[in-house]
Each structure stands twice: as C-alpha cells, then as structure tokens.
Amino acid sequence: ACEAMTMIAKALSQLEVGELSILKFGETIQLVHPFDQPFSDSIGPQIISQFKFDQKGTNVQQLLDSIIHLLGQARLQSNSQTEHVQLVFIISDGRL
C-alpha cells in the first residue's frame with residue numbers, strides 16, 4: 001500500500017497535475033498531507049512514517065464523507081473560475 005501511494009504521489013507531482021492531499025484511514029480518518037503543502041521527495045518519508053496499519057477495521061462511510069468534505073473545501077478555496085477535475089485514489093491494506 002505504501003509503495004503504491006508513493007508511486008502515485010510521485011507520478012502526479014512529476015506530471016504537475018496540481019495539488020495533492022493524503023489521508024490515512026481505518027477506524028478513524030487523519031489528514032497526513034493537506035492540499036496546500038507541496039509534495040516532494042523530502043516530505044514522502046514523513047508521510048509514510050505515519051502509516052502503522054494497526055487499526056482493526058475500516059469505517060468506509062466516514063472515509064467517503066471525509067473525502068467529499070475535503071474536496072469541497074479545496075474547491076471553495078480555489079481562486080480559479082474554471083472547473084477543476086478532482087481525482088480520488090483509495091489504497092487499502094484490504095481490512096474491512
């Protein structure tokens with residue numbers, strides 16, 4: 001899961017697709033990298049170190065609600081009048 005997240009984050013950064021945010025999820029949801037901070041090779045290890053894979057379950061409803069809220073906030077904070085395309089990648093260790 002960490003390798004997939006790292007690969008996707010690096011690819012999106014190299015393609016300069018825009019802002020990137022990363023959440024960790026399970027029984028609880030935590031924002032580990034907000035949209036307003038640039039993603040770089042130096043920040044990657046700090047993000048990865050926050051993932052422990054020790055939660056016993058996944059609250060999918062809370063995850064989806066958090067994603068919708070986070071994307072809505074990003075859209076509101078954008079100064080652009082053009083419509084933004086927002087993508088979500090959900091990478092899991094498979095525990096529900």
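Serine 21 is buried, with a relative accessible area of 18%, where buried means under 20% relative accessible area, exposed over 50% and partly exposed in between (1.4 Å probe, protein chains only). This is a predicted model, in which local features need pLDDT of at least 70 and side-chain atom pairs count only at pLDDT 80 or more, while totals for chains, interfaces and linings use all residues. Residues are numbered from 1 along each chain as its sequence is written, and side-chain values use heavy atoms, with hydrogens and water left out.

Serine 21 belongs to the loop between α1 (2-14) and β1 (22-25); helices (H or I, at least four residues) and strands (E, at least two) are DSSP runs, numbered from the N terminus. The phi of glutamate 16 is near 50°, a positive value in a residue other than glycine. Most residues other than glycine have a negative phi.

A positive phi, of about 55°, is likewise found at phenylalanine 53, although it is not a glycine. Phenylalanine 53 sits in the loop between α2 and α3 and is partly exposed, with a relative accessible area of 36%. Serine 49 lies in the loop between α2 (44-48) and α3 (60-77), and at 42% relative accessibility serine 49 counts as partly exposed. A polar atom of the serine 49 side chain lies 2.8 Å from the backbone oxygen of glutamine 46, whereas the C-alpha atoms of serine 49 and threonine 28, 21 residues apart along the chain, are separated by 17 Å.

The buried residues of α3 are Leu63, Ile67, Leu71, Gly72 and Ala74. They cover an arc of only 160° around the axis, which puts them on the same side of α3; the arc is that of the directions from the helix axis to the C-beta atoms. On the other side of α3, Gln61, Ile68, His69, Leu76 and Gln77 are exposed.

Valine 60, also found in helix α3, counts as partly exposed because its relative accessibility is 38%.

Definitions and conventions. Polar contact = N/O pair within 3.5 Å; in protein donor to acceptor, adjacent residues only side chain to side chain.
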